[in-house]
Amino acid sequence: MKILLISDIHGSLFYAKKAMEAFEKENAQFIAVLGDELYHGARNPLPVDYNPKGVAELLNGYSDKIIAVRGNCDSEVDEMVLDYPIMSTYSTILYGTRRIFLTHGHIYNESNLPKLLKGDVFIYGHTHIPKADCINGIYVVNPGSVSMPKEGNPNSYGIISENSVTIKDFEGNQIKNIDFI
């Protein structure tokens, strides 16, 4: 089973479409949206093709495949236009023998990890910076930002597949990878 990891769309219909193209190209079964779907936030410039209504309509077409968490730019009104819940601070899924903890990153993050076991996977967004690392036996992954990457990184997404997470740009080039031991 493959899970597409996306974060920080911030209302960009252009990049939301790119993410859904990656979902199809990667032949993933589910999509984990790590928050900040619709609104660009007061500190961010408007992203390319800012169209929150269009992003909601696009994502709603995949609502049966989406597991989402709330980002710091998400609100209850956003959930009113989406056909899937987004107001949870985190979600936990089981993937084989691993627990995967999904969150946005503004509450739980590398400085405030939830209680996890060695071999579990902590996945977050928020920073807009891709990361794939193992810290004290816990795999820490950030797929970067779909629409507004930071620190010179490309627009990116992640794929959980078998025993690894790979972070790619929208041309399919690998940015980071981590294998689960």
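Which residues does Met20 touch, not counting residues up to four places away in sequence? In this predicted model, local features need pLDDT of at least 70, side-chain atom pairs count only at pLDDT 80 or more, and totals for chains, interfaces and linings use all residues. Residues are numbered from 1 along each chain as its sequence is written, and side-chain values use heavy atoms, with hydrogens and water left out. With that settled, the partners of Met20 are Leu4, Ile6, Ile31, Leu58, Leu59 and Tyr62, a contact being heavy atoms within 4.5 Å.

Along with Leu4, Ile6, Ile31 and Ile66, Met20 is one of the residues with the most contacts inside the largest nonpolar core, which has 27 residues. Such a core is a set of buried Ala, Val, Leu, Ile, Met, Phe, Trp, Tyr and Cys residues joined through side-chain atoms within 4.5 Å; buried means under 20% relative accessible area, exposed over 50%, and partly exposed in between, using a 1.4 Å probe and protein chains only. Two or more residues each come from β1 (2-6), α1 (13-26), β2 (30-33), α2 (52-60), β3 (66-68) and β9 (156-161), where helices (H or I, at least four residues) and strands (E, at least two) are DSSP runs numbered from the N terminus. The largest share, seven residues, is supplied by α1. Apart from this core lies another, of 19 residues, with Val69, Ile93, Tyr95 and Val165 among them.

Turning to the strands, an open sheet of five has the order β4-β5-β6-β8-β7 with mixed pairing; two strands pair if DSSP finds at least two bridges between them. At the edges are β4 (90-95) and β7 (131-135), each pairing on one side only. Six bridges join β4 to β5 (residues 98-103) in an antiparallel arrangement, and Ile93 faces Ile100 in β5.

Strand β8 (residues 138-142) is largely enclosed by the rest of the structure, because five of its five residues are buried. Ile138, Val140 and Asn142 lie on one side and Tyr139 and Val141 on the other. Three bridges link β8 to β6 (residues 121-123) in the parallel sense, with Val121 opposite Tyr139. By contrast, β7 and β8 pair in the antiparallel sense over five bridges, and Lys131 stands opposite Asn142. The hairpin of β7 and β8 has two residues between the strands, and in it Asn136 takes a positive phi near 50°.
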